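Hello,

Here is the structure I said I would pass on. My notes on it follow below.

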Amino acid sequence: MREIMKLLNITYEVMEEKLFEEVNGSVQEGEVIGIIGNNGAGKTTLLQLITGERTPTEGQIQWLHHDVTITMVEQETETHSSEGMTITQAKLLEKWQVPNHEFQQLSGGEKLKARLAKGFSQKADLLLLDEPTNHLDQESLKSLTKYIRDYKGTILLVSHDRYFLDEAVTKIWSIEGKKLIEHKGNYSSYMEARKQRRMTQQREYEKQQKMVERIESQMKELTSWSKKAHAESTKQEGYKEHYRVKAKRMDTQVKSKQKRLEKELERTKVTEVEEEHNVRFSIQTTHKTGKRFLEMKNLKKSFEGRTLFENANFTIQHGEKISILGPNGSGKTTLLKIFMGMEPSDGEVWMSPSANIGYLTQEVFDLPFDQTPGELFHKETFAERGKVQTLMKHLGFQTSHWQEPIRNMSMGERVKIKLMKYILEERDVLILDEPTNHLDLASREQLEDTLSQYNGTLIIVSHDRYFLEKTTDIKLVIENGTIRKELDEPASERDDKEEQRMKLETERQEVLGHLSFKAPGDEGYAELDRKFIELTKQINELK
């Protein structure tokens with residue numbers, strides 16, 4: 001396996017802020033590298049540095065072969081050209097059931113599939129995929145994973161999907177603390193190694209601190225004796241020289257211990273373990289009025305001669321937690337737009353006129369890009385401004401983001417900016433279209449926890465079944481040309497599934513622990529590897 005590229009001491013600054021510094025890494029031919037990190041850590045920027053779209057502030061990217069071809073599939077684009085379509089691309093579009101419509105008329109999943117089909121069909125030596133799982137249903141995700149495994153070249157991909165990273169990648173690049181950490185293996189094995197590394201670092205740091213305290217205590221005691229000897233040398237006749245010599249000896253010992261401490265700290269250089277990335281927010285409601293929020297009678301929607309659904313009849317009551325399910329292109333986002341009066345349809349649509357609705361679209365281009373958060377959330381009083389800035393901090397933003405144009409922010413940070421609006425306005429109905437797209441793991445988990453406690457009306461479109469299980473209990477299923485409303489599985493059954501999932505996860509971690517002490521070819525490695533794959537499959541089936 002030949003090495004094709006190296007990152008050599010890469011530092012990159014944005015508005016005089018270091019996004020990352022002294023980043024080093026290598027790419028081998030045939031690897032599938034998963035790039036992970038919190039929102040705003042610089043994952044997309046790293047891909048853009050590799051393509052040459054951006055230039056490092058310091059350091060260089062060294063290409064070890066001059067004939068390497070690169071293709072980049074961005075995580076979101078407003079436009080997409082299908083000019084010069086190859087046979088391979090056309091076959092992929094047909095296989096992935098992407099209709100031959102204008103790009104703007106496609107669903108989120110179909111748009112992504114169109115861009116992925118073009119990216120894969122170019123057969124580049126190095127294929128860069130930025131968030132390739134967003135919008136995809138389970139079948140599409142399985143198909144994507146297979147294409148990645150079978151790809152003849154090398155792939156670098158950015159993803160927050162833990163299960164996908166376990167199935168698809170052979171190496172992890174994690175951006176943490178402005179550094180890049182390389183790990184051979186998938187996401188789960190990286191997280192186990194990271195856990196062990198952090199525990200070792202913490203132990204070494206505590207050991208170092210005890211050593212520092214011990215030497216500083218000795219220095220303090222010697223300094224006290226030295227001061228006393230210096231004082232005595234000025235007082236007592238006949239003993240001045242004795243105390244002066246004693247004081248000098250003490251001073252020498254203090255300097256010796258100071259140098260020893262400095263050398264020891266220079267040798268070990270153990271820093272305190274950084275706190276885990278944490279995100280905190282909550283969403284309150286203003287009020288609830290009446291029983292019915294929404295009612296549909298004989299709803300029908302056709303699009304360019306194709307009927308998405310018809311004869312649909314259902315009612316949504318205030319306080320219900322609804323998930324909308326269906327494959328890519330079935331009309332989930334279209335249904336939300338019908339709710340909001342943004343899309344025409346046949347049949348009767350009634351919505352409570354008193355409802356205070358927050359509608360989060362899956363788009364990340366519908367924000368005022370030239371504005372800063374300070375301008376977008378303009379507040380007159382210091383207290384109001386402080387509330388917004390505190391919320392931004394809890395969402396993982398830095399102080400510098402307050403005056404940074406939204407166009408400079410990552411996709412995940414843009415989603416958080418949109419969420420802020422509804423957190424601050426306390427809406428009693430939330431309609432959320434793919435709200436977890438682009439969010440890092442900490443933000444997804446906090447959103448999940450927040451929505452599970454939200455006491456307003458909730459309607460969510462998402463392909464993350466685990467997220468929906470935690471936040472909703474009623475389904476609107478778009479299937480066979482109609483829409484049916486059904487209760488989710490009972491809470492007891494969900495709890496049983498969760499307990500089963502936890503047991504499997506514990507067993508998988510145990511297998512992973514044994515694998516970490518073996519190398520491919522060792523006795524028992526193949527069996528452990530097979531068991532790990534089987535456990536991962538069982539966990540995914542419980543999603």
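A crossing is called left-handed here if the near helix is turned anticlockwise from the far one by less than a right angle, and right-handed if clockwise. The model is predicted, so local features need pLDDT of at least 70 and side-chain atom pairs count only at pLDDT 80 or more, while totals for chains, interfaces and linings use all residues. Residues are numbered from 1 along each chain as its sequence is written, and side-chain values use heavy atoms, with hydrogens and water left out.

Helix packing

Helices (H or I, at least four residues) and strands (E, at least two) are DSSP runs, numbered from the N terminus. Axes are lines fitted to C-alpha atoms, for helices over the stretch in contact, and angles run from 0 to 180 degrees between N-to-C directions. Contact means heavy atoms within 4.5 Å.

Helix α10 (residues 382-394) packs on helix α11 (residues 411-425) at an angle of about 130 degrees, with the axes 11 Å apart. The two are therefore oblique to each other (under 35 degrees counts as roughly parallel, over 145 as roughly antiparallel, 65 to 115 as roughly perpendicular, and the rest as oblique). Their crossing is right-handed. K387, V388, L391 and M392 of α10 make the contact with M420, I423 and L424 of α11. By class, this contact of α10 with α11 has six nonpolar residues, one charged and no polar (Ala, Val, Leu, Ile, Met, Phe, Trp, Tyr, Cys and Pro count as nonpolar; Asp, Glu, Lys and Arg as charged; the others, Gly among them, as polar).

α3 packs on two helices described here. The axes of α2 (residues 87-95) and α3 come within 8 Å and cross at roughly 145 degrees, in a right-handed crossing. T88, Q89, L92 and L93 in α2 meet K113, A114, A117, K118, F120 and S121 in α3. That contact divides into five nonpolar, three polar and two charged residues.

With α4, the angle is about 15 degrees and the axes are 12 Å apart, which makes α3 roughly parallel to α4. The crossing of α3 and α4 is left-handed. K113, L116 and F120 in α3 meet S140, L144, Y147 and I148 in α4, a contact of five nonpolar, one polar and one charged residues.

Cavities and a pocket

On a 1 Å grid over the protein atoms alone, a cavity is a set of points where a 1.4 Å probe fits but cannot get out, and a pocket is an open set with protein on both sides within 12 Å along at least five of seven lines; lining residues have an atom within 4 Å of a point. Grid points are joined across faces, edges and corners, and a volume is the space filled by probe spheres set on the points.

The whole structure has two cavities of 30 Å³ or more. The largest cavity has a volume of about 60 Å³, and its lining divides into four nonpolar, four polar and four charged residues. The second largest cavity holds about 30 Å³ and is lined by W96, K113, L116, L136, S140 and L144. Of these, α3 and α4 each supply at least two.

The second largest pocket has a volume of about 1,100 Å³. Its lining comprises 43 residues, with D137, Q138, E139, S140 and L141 nearest the centre. α4 gives the largest share, nine residues.

Regards
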